[in-house]
Amino acid sequence: MTAHPKMPPLPRQILTGKARLAGVLGWPVSHSRSPALHNYWLSRYQIDGAYVPLPVEPAHFVQAVRGLQAVGFRGANVTLPHKEAAYAIADDLDHSALRAGAVNTLVFEPDGRIRGVSTDGDGFVASMEAEGLAPKGRALLLGAGGAARSVAAALQDHGMEVAVTNRTAERAEKLAEALPGLGVVPWSVWEEQLGAYTLLVNTTSLGMEGGPDPMFRPSLRHAGRHLVVADIVYVPRLTPLLAEAELHRLKTLGGLGMLLHQARLGFREWFGHDPEVDADLEAYVRASV
């Protein structure tokens with residue numbers, strides 16, 4: 001099976017009254033590539049189910065979640081600005097959610113309870129491992145928001161020494177308080193200290209198409225030759241940071257892999273099948289970006 005931008009979409013499944021349903025809650029949600037991703041898997045594995053975008057204003061989040069439960073949804077992904085609200089509404093929180101301090105995946109249990117999970121960090125690590133990169137050594141993360149916490153926690157859990165740097169120092173210090181053992185590097189000097197790290201991860205929207213600073217391209221001249229440079233941004237595919245890394249002949253890791261791998265757990269929980277992340281899926285989702 002080979003997906004290609006010029007090929008028609010995969011055929012839609014015919015839904016029955018037993019269809020399994022899930023979706024993604026966000027405000028806005030039109031940017032999300034999760035519907036393309038999950039519906040690709042549903043068609044590929046011939047599963048009676050559907051995954052839909054669910055634009056929900058913050059004031060209506062709790063009502064929307066309860067409504068989805070009431071009509072038989074199996075669960076939902078949660079994107080900005082609802083991740084903290086999802087954490088609060090969950091009856092049970094997995095280790096990943098407790099470590100991340102946020103939830104991006106809700107699972108509606110048969111007994112009516114809601115389980116909250118954070119798959120972002122493990123999705124990032126899985127995307128590394130898929131490229132033959134072991135999470136070992138020392139990592140420096142740019143940013144101190146929710147994505148940074150998820151990735152930092154997962155890297156720590158895999159034995160890495162992790163530090164963060166952020167333009168607003170107070171946010172970095174607050175994150176370090178939440179994750180014991182996390183180091184803090186001043187934003188003004190992080191480029192000079194790159195030689196001490198084996199992994200650099202941009203967890204911010206800097207460099208994202210349409211983001212606050214789409215031309216974000218810091219200097220990597222102090223990087224060691226074994227530094228891996230990762231960016232969780234996936235639009236554009238080659239961010240300015242990754243382009244700079246390629247100029248220095250450093251190994252790079254784009255953000256699309258994290259998106260694909262973090263989706264597996266939710267799909268398995270909602271639709272009862274452990275899906276495969278492969279080149280066909282990546283091509284299909286990239287065509288929708």
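Predicted model: local features only at pLDDT ≥ 70, side-chain atom pairs only at ≥ 80, totals over all residues.
Helix 1 spans residues 34–44, and nine of its 11 residues are buried, so the helix is largely enclosed by the rest of the structure. The buried positions are S34, P35, L37, H38, N39, Y40, W41, L42 and S43. Just after helix 1, Q46 adopts a positive phi of about 55°.

Strands in the order 2-1-3-5-6-4 form an open sheet of six, and the pairing is mixed. Strand 2 and strand 4 (92–93) stand at its edges; each has a single partner strand, so one side of each lacks a neighbour in the sheet. Helix 1 packs on this sheet and touches strand 1, strand 2 and strand 3. The direction of helix 1 makes about 170° with that of strand 2. Within the sheet, strand 3 and strand 5 (residues 105–108) run antiparallel and are joined by three bridges. N77 has T105 as its bridge partner in strand 5. Helix 2 (residues 61–70) lies across strand 1, strand 2, strand 3, strand 5 and strand 6 (114–117). Helix 2 runs at about 40° to strand 5.

The loop between strand 3 and helix 3 (83–89) holds H82. H82 has 1% relative accessibility. The cut-off for buried is under 20%, so H82 counts as buried. Beyond its neighbours within four places in sequence, H82 contacts L25, G26, W27, V56, E57, P58 and F61.

Helix packing was examined next. Two packed helices are described by the angle between their axes and the distance between the axes. The axes of helix 1 and helix 9 come within 11 Å and cross at roughly 55°. Helix 1 and helix 9 are therefore oblique to each other. Their crossing is right-handed. Helix 1 contributes S34, L37, H38, W41 and L42 to the contact, and helix 9 contributes L259, L260, A263, R264, F267, W270 and F271. By class, nine of these residues are nonpolar, two are polar and one is charged.

Helix 9 also meets helix 10. The axes of these two helices come within 11 Å and cross at roughly 115°. Helix 9 is thus roughly perpendicular to helix 10. The crossing of helix 9 with helix 10 is right-handed. On helix 9, the contact residues are L256, L259 and L260; on helix 10, they are L281, E282, V285 and R286. This contact divides into five nonpolar, no polar and two charged residues.

A further partner of helix 9 is helix 5 (residues 120–130). The axes of helix 5 and helix 9 come within 7 Å and cross at roughly 115°. This crossing is right-handed. D120, G123, F124, A126, S127 and A130 of helix 5 make the contact with G257, M258, H261 and Q262 of helix 9. Four residues of this contact are nonpolar, five are polar and one is charged.

A further open sheet consists of six strands in the order 9-8-7-10-11-12, with parallel pairing. The edge positions belong to strand 9 (183–184) and strand 12 (251–253); each has a single partner strand, so one side of each is left without a neighbour in the sheet. Helix 8 (residues 240–247) packs on this sheet and touches strand 10, strand 11 (228–231) and strand 12. The direction of helix 8 makes about 165° with that of strand 11.

Strand 7 (residues 138–142) pairs on both sides. Five bridges join strand 7 to strand 8, and the two run parallel. Four bridges join strand 7 to strand 10 (residues 199–202), again in parallel. L140 has bridge partners in both of these strands: A163 in strand 8 and L200 in strand 10. Strand 8 covers residues 161–165, and four of its five residues are buried, so strand 8 is largely enclosed by the rest of the structure.

Definitions and conventions:
Residues numbered from 1 in each chain as written. Heavy atoms only, no water. Buried < 20%, exposed > 50% of the residue type's maximum accessible area, 1.4 Å probe, protein only. Contact = heavy atoms within 4.5 Å. Axes fitted to C-alpha atoms, helices over the stretch in contact; angles between N-to-C directions. Parallel < 35°, antiparallel > 145°, perpendicular 65-115°, else oblique. Left-handed = near helix turned anticlockwise from the far one by under 90°. Nonpolar A, V, L, I, M, F, W, Y, C, P; charged D, E, K, R; others polar. Pairing = 2+ DSSP bridges.
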